[in-house]
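Please read the points below with the structure open beside you, and look up each residue as it is named.

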Amino acid sequence: MLVVGRWSSVVSRWSLVVLGLFLVARALLPRVSALEPAPLWDTGTFSILGYDAETGEVGGAVQSRVFSVGNGVLWADASVGVAATQAIVDVGYGPQALELLRKGLAPAAIVKEIWEKDPDPLPDNWSKQGRQFAVMNLKGEYAAFTGPKATEWAGQRGGKYATAQGNILAGPAVVDNMVAAFEKAPGHLSQRLVAALESGQAGGGDKRGEQSAAIVIVKKNCGVWLHNDTVLRLQVDDNPEPIKELRRLVETWSTRKPRSVSPECK
């Protein structure tokens, strides 16, 4: 009987604990449900699109505290231009932008059309109000957009032939620095784009840190092989210092800078 009595006492105590936890959870539930849903995953990124008026090359570069950021941000077609898609990203914006460039639309009109036609399929946790993207044509003309719900700091800055944009940044110095560096840096377009990333990082970069970076540059028939439009495409997918590693790769490429086999490409 003594044993049974002890077990009854233990069960009673645990019943009280469970009841207490239930009451606490019930009291907190309205507060939890009232909170705005969290994003499905991290989104912070800074990128730049740039044009070289001397060579006719166009390209972009990006860095983020996410794995393999280049796969979701940079889009390029040597026949029409480049685009960057980021923040609460819909990667479908990239192919759409290139297709509208093929149809002859100006970048500003493309940005407006794509965003307005976005059906916003996940408004609660992946809203179009948080999208950020930029488009540039083969003349270096560009347009960029940052939605009002992109995680702060978020915004863009433009120069003569460059547009820089980012979200979850340390502040506006990131994009300001990027455009200034791009316009001042010497050398090939690849070196200028990396200089922009380096200056963006010096301005505070992604508030969460670094992980991956990428670069793409295109010009019709100016890749190394026949009928190849990709002048350069590099990705650093997982590295504690991805911009530093991207710089190393670009400088390695620049020491040789392979020439295209197409005679019309100079």
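1. Strand β1, which spans residues 45-51, is mostly covered, since seven of its seven residues are buried. Please keep in mind while reading that this is a predicted model.

2. On one side, β1 is joined by seven bridges to strand β2 (residues 58-64), and the two run antiparallel. As a point to find on the model, L49 stands opposite G60 in β2. The two strands form a hairpin with six residues between them, and G56, which lies in the turn, has a positive phi of about 80°.

3. Strand β1 also pairs with β8 (residues 162-167), here through six bridges and again in an antiparallel arrangement. The residue to look for is F46, whose bridge partner in β8 is G166.

4. Which order do the strands take in the sheet? The order is β7-β8-β1-β2-β9-β10, an open sheet of six strands with antiparallel pairing. Because β7 (155-158) and β10 stand at the edges and each has a single partner strand, one side of each is left without a neighbour in the sheet. Ignoring direction, neighbouring strands of this sheet are turned by 10° against each other on average.

5. Further along the sheet, β2 and β9 pair in the antiparallel sense over seven bridges, and within this pairing V62 stands opposite A214 in β9. A helix belongs in this picture as well: α7 lies across β1, β2, β9 and β10, and runs at about 150° to β10.

6. A search of the whole structure finds one disulfide, which C222 and C265 form with their sulfur atoms 1.9 Å apart. This pair links distant parts of the chain, for C222 is in the loop between β9 (212-218) and β10 (230-236), whereas C265 is in the segment after α7 (242-256), 43 residues apart. The link is right-handed, with 120° about the S-S bond.

7. Are the two cysteines, C222 and C265, buried or exposed? C222 counts as buried because its relative accessibility is 9%, and C265 is buried too, with a relative accessible area of 18%.

Conventions. Residues are numbered from 1 along each chain as its sequence is written. This is a predicted model: local features need pLDDT of at least 70, side-chain atom pairs count only at pLDDT 80 or more; totals for chains, interfaces and linings use all residues. Side-chain values use heavy atoms; hydrogens and water are left out. A disulfide is a pair of cysteine sulfur atoms within 2.5 Å. Helices (H or I, at least four residues) and strands (E, at least two) are DSSP runs, numbered from the N terminus. Buried means under 20% relative accessible area, exposed over 50%, partly exposed in between (1.4 Å probe, protein chains only). Two strands pair if DSSP finds at least two bridges between them. Axes are lines fitted to C-alpha atoms, for helices over the stretch in contact, and angles run from 0 to 180 degrees between N-to-C directions. Contact means heavy atoms within 4.5 Å.
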